[in-house]
Amino acid sequence: STSMPDVYLLGKPDEIEALAPDDAPDEIALCLNTGPLDREARLPLYALLEGLLIEEAGGLESLVQAIDADGPYLFRVDEKVCDKLARFEDEAVETLLLNWSACAAIEGLQIDQDDLLKFLFELTHLCKIRDQNSDLELYLYHEG
């Protein structure tokens with residue numbers, strides 16, 4: 001099977017964690033498709049935000065549950081990452097992009113810089129919404 005892109009989900013934990021294999025996440029959550037940005041490409045972003053080595057950033061996406069035995073899988077994005085991104089102004093997002101796009105995992109994907117910037121702004125926007133709504137959390141939906 002072709003691997004589906006991972007999707008960030010912003011919603012209420014009790015609703016997101018109750019997802020069944022056939023449920024459509026976009027009915028209960030705001031969704032952001034990661035496109036070609038797999039875990040290997042996301043970890044440098046978290047590492048930059050938290051001042052960590054890439055190897056240390058793995059725990060910032062933690063497995064919550066397997067929705068079915070062999071996927072999809074639900075990960076929770078660490079609130080530290082969300083809190084940091086929620087406070088980013090536009091110029092800071094652009095600086096973050098420059099540093100992130102210089103990482104090997106991102107360079108290897110050869111993504112258009114405008115697309116990458118758009119993604120980063122959308123992720124930041126989700127984090128800002130979460131910041132304003134204490135009942136929402138950010139997850140990652142991985143088809144497996």
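Which residues are linked in a network of salt bridges? Read on through the close-ups to find out. This is a predicted model, where local features need pLDDT of at least 70, side-chain atom pairs count only at pLDDT 80 or more, and totals for chains, interfaces and linings use all residues. Residues are numbered from 1 along each chain as its sequence is written, and side-chain values use heavy atoms, with hydrogens and water left out.

**View 1. The network of salt bridges and Glu-137.** Here's the reply: Glu-17, Arg-76, Asp-83, Arg-130 and Glu-137 are the linked residues. A salt bridge means a side-chain nitrogen of Lys or Arg within 4 Å of a carboxyl oxygen of Asp or Glu. Glu-137 sits in strand E5 (residues 137–142); strands (E, at least two residues) and helices (H or I, at least four) are DSSP runs, numbered from the N terminus. With a relative accessibility of 12%, Glu-137 counts as buried (buried is under 20% relative accessible area, exposed is over 50%, partly exposed is in between, using a 1.4 Å probe and protein chains only). Its side chain also makes a polar contact of 3.1 Å with that of Arg-130 (a pair of N or O atoms within 3.5 Å; within protein, one must be able to donate a hydrogen and the other to accept it, and residues adjacent in sequence count only if both atoms are side-chain atoms).

**View 2. Arg-42 and its partners.** Side chains of opposite charge can pair when their charged atoms come close. Take Arg-42 and Asp-6: their salt bridge has its closest N and O atoms 3.0 Å apart. That pair links distant parts of the chain, with Arg-42 in helix H2 and Asp-6 in the segment before strand E1 (7–11), 36 residues apart. Both of these residues are buried. Arg-42 also meets Glu-61 in a salt bridge of 2.6 Å, N to O. Glu-61 lies in strand E3 and Arg-42 in helix H2, so this pair ties together parts 19 residues apart in sequence.

**View 3. Glu-61 and Arg-39.** These two side chains form a salt bridge too, at 3.2 Å from N to O. Glu-61 is buried at 4% relative accessibility, whereas Arg-39 is partly exposed at 33%.

**View 4. Thr-34 beside Asp-6.** Thr-34 is found in the loop between E2 and helix H2 (39–50), and is buried at 2% relative accessibility. A polar atom of the Thr-34 side chain lies 2.7 Å from the backbone oxygen of Asp-6.
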